[in-house]
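Reader: Please take one part of this structure and go through it closely. I would like to know what packs where, and how the neighbouring elements are arranged around it.

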Amino acid sequence: MSVAPGSAAAPVVTVRLQRSVFERRALRNGLLTAGAWAAAIVAGIPLVSVLYMLIVRGGARLSWEALSTLPPAGFEMGGGFGNALVGTVVMVGLASLLSIPVGVMAAVYLAELGPGSRLSRTARFATKTLTGMPSILAGVFAYAAVVLVTGTYSAPAGGLALAVLMLPTVVLTAEEAIKAVPKITRDAAYGIGCTRTQVIWKVLLPTALPGILTGVMLAVARAAGETAPLLFTALFSSYWLFDGGAKLMQPTASLAVLIYNFSGMPFDNQIELAWAASLVLVLIVLIINVVSRLVGQRRV
Amino acid sequence: MSVMVKPNARPAESGGTPATNGSVVIDCKLDQVFYGSFLAVRDSHVEIERGKVTGFIGPSGCGKSTVLRSLNRMNDLIHGFRFEGHVHFHGRNVYERTIDPVAVRRYIGMVFQQPNPFSMSIFDNVAFGLRLNRFKGNVAERVEKALRQAALWDEVKDKLKNSGLSLSGGQQQRLCIARAVATEPSVLLMDEPCSALDPIATRRIEELMVQLKQSYTIAIVTHNMQQAQRVADITAFFSVDISKGSRTGYLVESGPTKALFESPREQLTKEYVSGQFS
């Protein structure tokens, strides 16, 4: 370092640039990094080990027969859970038909039409409370609302119970997605001469669509795996849902309840089927999650 | 809305037309504008002349944006907004009770400070207004025309299906201009359209404004006096009155740009254009 003549001598600055592993700061940094790694691995263990068990024990029994035939009786060999697969798809479908339109429209109200109104404050509070509601209570509600009224366990009763569970997820994620649409985008829509309805339908909902779909997919995935609300709404059945004149108002099998029933039975055949059904259920949930991520990433 | 107003069409001189000369498209007499109890702008009479660029300049908080957004009733979206005065457009006061603000905005288009294309393809962005108005003609033709008018066609003609958001900031702003002119509005309002852009993109938009005024009447808010001198034919200078403990904007003077900058009538204008405050 050259010092300009005439100026006071510059103080000598010593710098230590050498990396030292045993310095306090470096040690702490290393430890915390290692801790974070360990925690991340621990967090992955449950899913990986569950998947491993399911693939090993359920994969052995997974076959076209398992997917397409009726559950076996007591000592019967073979069989499958085709009717439970159909039942889950039908009930989750019914639940989606109920909860998605209602949920998205409610979100439009909460996010856009009356965000600060008394109605929306109440609805938002109710929805958030519903998020934490034990799922069995959704079953109790559907039991009272449908099973007692119609006099039979049925797929619509199960669908209603699942819809009650899906609703809060759909409403809250859709509200966030709609609120996340930038104000300048709304300005653009109004500025070009959109009515409020057109702003909502042509700009807000399409722009928020990836976010809304993510929420919908998560709700669907959750509903597909629910057991408790189906126990006394759809009950279970060893027969095809649409057997005998496409009757919907009859007890309906579902994968979740089949797993619950069969895993407690003293027969190896049924227990193997329960493993296979678990694998199928997890795969369904996994696929829906992956799809929702892909959709969520998609930006036009 | 099936009727499209041709640019530069003669206004329908029906009842209630104010006594102005024929070249005034918008006659805005603004007595008081409130946001809640806050008096934002007072006593400003602005005339927007056909086929010209009218620039609104003034220091921050002088209400120039408020005045601009009052012209097509964009401020109606702001809670607590209240307008006293009139905005005569084609012989009607757009603040009349029977006027639909949505219809007003279809004749008086707007370009905003931040480029705000919709999250859809470039083509759909430009076609948006046409579809909104159930345009019956050839949409693709009109989209191309609008993109050419916005000097964007050559850059995007091979990627019309790409997202509007994939473009650069300057291109996005020209896309927004194309979107606004696609429906051929009578007047184009621009609220500091270059403030988020770099100097080169700014230059392009300024050149574009000079071309666009052949087909459209333009009113532009700008923070930049040089920009006003480059693009505006008429300039309106607003200032802030802080005498009553509040900050209320008002029109100081307006006139041909050259005259306003070189021989302003008011002392305040002289001080502002010579850079003594901003």
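Author: The model is predicted. The largest nonpolar core has 151 residues. Those with the most contacts inside this core are Leu255(A), Leu258(A), Ala277(A), Ala178(B), Leu188(B) and Ile220(B). Helix 6 of chain A (residues 155-179) gives the largest share, 16 residues. In general, nonpolar side chains in soluble globular proteins tend to be buried together.

Apart from neighbours within four places in sequence, Ile220(B) is in contact with Val53(B), Gly55(B), Phe56(B), Met190(B), Pro193(B), Met209(B), Val231(B) and Ala232(B). One of these, Met209(B), is among the buried residues of helix 7 of chain B, together with Ile205(B) and Leu212(B).

Helix 7 of chain B covers residues 199-212. At 1.5 Å a residue, its 14 residues should span 20 Å, and the C-alpha atoms at its ends are 20 Å apart, so the two values agree. Ile205(B), Met209(B) and Leu212(B) are the buried residues of this helix. They cover an arc of only 70° around the axis, and therefore sit on the same side of helix 7 of chain B. On the other side of the helix, Pro199(B), Ile200(B) and Gln211(B) are exposed.

The loop between strand 7 and helix 7 of chain B contains Glu192(B). Phi of Glu192(B) is near 45°, a positive value in a residue other than glycine. Glu192(B) counts as buried because it has 21 C-beta neighbours inside 10 Å, the cut-off being 20 or more.

Strand 3 of chain B is joined by four bridges to strand 9 of chain B (residues 234-241), and the two run parallel. Thr54(B) has Ile234(B) as its bridge partner in strand 9 of chain B. Strand 9 of chain B is mostly covered, with six of its eight residues buried. Eight bridges join strand 9 to strand 10 of chain B (residues 248-256), and this pair runs antiparallel. Here Val240(B) stands opposite Gly249(B) of strand 10 of chain B. The hairpin formed by strands 9 and 10 of chain B has six residues between the strands, and in it Gly245(B) takes a positive phi near 80°.

His90(B) is found in the loop between strand 4 (81-89) and strand 5 of chain B. Its phi is near 50°, again a positive value in a residue other than glycine. His90(B) counts as partly exposed, because it has 18 C-beta neighbours inside 10 Å.

Note on methods
Residues numbered from 1 in each chain as written. Chains lettered and ligands numbered in written order. Core = buried A, V, L, I, M, F, W, Y, C linked by C-beta atoms within 7 Å. Buried ≥ 20, exposed ≤ 12 C-beta atoms within 10 Å, placed from the backbone. Contact = placed C-beta atoms within 7 Å. Expected span 1.5 Å × (residues − 1). Arc of directions from axis to C-beta. Pairing = 2+ DSSP bridges.
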